[in-house]
Amino acid sequence: MIQKRNIFSGRLAVLKCTVRHQHNEECSDLITMEKRIQFPIEMSMPWILTDHILRTKEPSMMEYVLYPLDLYNDSALYALTIFRKQFLYDEVEAEVNLCFDQFVYKLSEQVFAHYKQLAGSIYLDKRFRVECEVLGFNFQSYPRNNRYETLLKQRHVQLLGRSIDLNKLITQRINADMQKSLELAICRFEASDITGVVELEALLSVNKLCHKLLSKWLALDDFDAMLKEANHN
């Protein structure tokens, strides 16, 4: 067992191995210890609450998905001012980095899927909707409004003394998702016969409308430039 002791005077934490065995480099290697998962985020209450909102996609709660992450600010404050332990703050900071990265990834995937489904629903033929209703097929033609717009406006998320541009991080990930979606559409067409041109046209139209809807909130790359890159032009 390796214990961390800290004297809150600006000095680095001291590592001390208390297990009776032949000590090796691993016992005193701080980098090795930092690479180990000491507390899984699945057991972290702020992440449990945040992940629950993302999984349930409850519209009334989506606007408040950042609130549980504020618990990390309180934890960091207590670690430094009440317990006066630097290593506790380091643990909180490491957990925040991991949780926030997962949060941005999951949120970006949901936002892109939501707007792509919305774009596809807009292009859905009206006669097809009527026929489905006549035949008794109950399906939600339009995705419910999950109030992602509030989150997409966030440019100054305060976390552990840092100001994070959530809008920029989501933009970067959705740019990559959009590029991948266009490449997939072209690959499907190239792997099929000439009749696949109808599907290609529909997929490109949906992606273009999705890009237009998202561009209202995000500074995405130019769609034509992304399409040329996907087509290797």
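Student: Which residue just after α11 takes a positive phi?

Tutor: This is a predicted model. Look just past the end of α11. There, His-232 takes a positive phi of about 60 degrees.

Student: Which residue with a positive phi follows α5?

Tutor: That residue is Arg-84, with phi near 55 degrees.

Student: Back to α11. Which of its residues are buried?

Tutor: Helix α11 covers residues 223-230. Phe-223, Met-226 and Ala-230 are its buried residues. They cover an arc of only 65 degrees around the axis, so they sit on the same side of α11.

Student: What do these buried residues pack against?

Tutor: Two helices. The buried residues of α11 pack against α9 (166-190) and α10 (196-214).

Student: Which exposed residues does the face turned away from the buried side carry?

Tutor: Lys-228 and Glu-229 are the exposed residues on that face of α11.

Student: What happens at the start of α11?

Tutor: Find Asp-222. One of its side-chain oxygens reaches to within 3.3 Å of the backbone nitrogen of Asp-224.

Student: Now α5. How many residues does it have, and what is its reach?

Tutor: Helix α5 runs over residues 70-82 and has 13 residues. From its first C-alpha to its last it reaches 18 Å. That is close to the 18 Å expected at 1.5 Å a residue.

Student: Which residues of α5 are buried?

Tutor: Tyr-72, Asn-73, Ala-76 and Ala-79. Look down the axis of α5: its buried residues fall within an arc of 130 degrees, so they line one face of the helix. The buried residues of α5 pack against α3 (45-56), α6 and β3 (157-159).

Student: How do I read aromatic pairs?

Tutor: Check two things: the ring centres and the angle between the planes. Centres must lie within 6.5 Å, and planes over 60 degrees apart count as edge-to-face. By this rule the count comes to two aromatic pairs. In one of them, the rings of Tyr-64 and Tyr-67 have centres 5.3 Å apart and planes at 70 degrees, so the pair is edge-to-face.

Student: What are the relative accessibilities of Tyr-64 and Tyr-67?

Tutor: Tyr-64 is at 38% and counts as partly exposed. Tyr-67 is at 58% and counts as exposed.

Student: How far apart are the ring centres of Phe-100 and Phe-103?

Tutor: Their centres are 5.7 Å apart, with the planes at 45 degrees, so this pair is tilted. Both residues lie in helix α6 (residues 86-123), three residues apart, about one turn of the helix.

Student: Is Phe-100 buried or exposed?

Tutor: Phe-100 counts as buried because its relative accessibility is 8%. Phe-103 is buried too, with a relative accessible area of 0%.

Conventions. Residues are numbered from 1 along each chain as its sequence is written. This is a predicted model: local features need pLDDT of at least 70, side-chain atom pairs count only at pLDDT 80 or more; totals for chains, interfaces and linings use all residues. Side-chain values use heavy atoms; hydrogens and water are left out. Buried means under 20% relative accessible area, exposed over 50%, partly exposed in between (1.4 Å probe, protein chains only). Helices (H or I, at least four residues) and strands (E, at least two) are DSSP runs, numbered from the N terminus. The arc is that of the directions from the helix axis to the C-beta atoms. Contact means heavy atoms within 4.5 Å. A polar contact is a pair of N or O atoms within 3.5 Å; within protein, one must be able to donate a hydrogen and the other to accept it, and residues adjacent in sequence count only if both atoms are side-chain atoms. Rings of Phe, Tyr and Trp (its six-membered ring) pair if their centres lie within 6.5 Å; planes under 30 degrees apart count as stacked, over 60 as edge-to-face and the rest as tilted. The expected span of a helix is 1.5 Å times one less than its number of residues.
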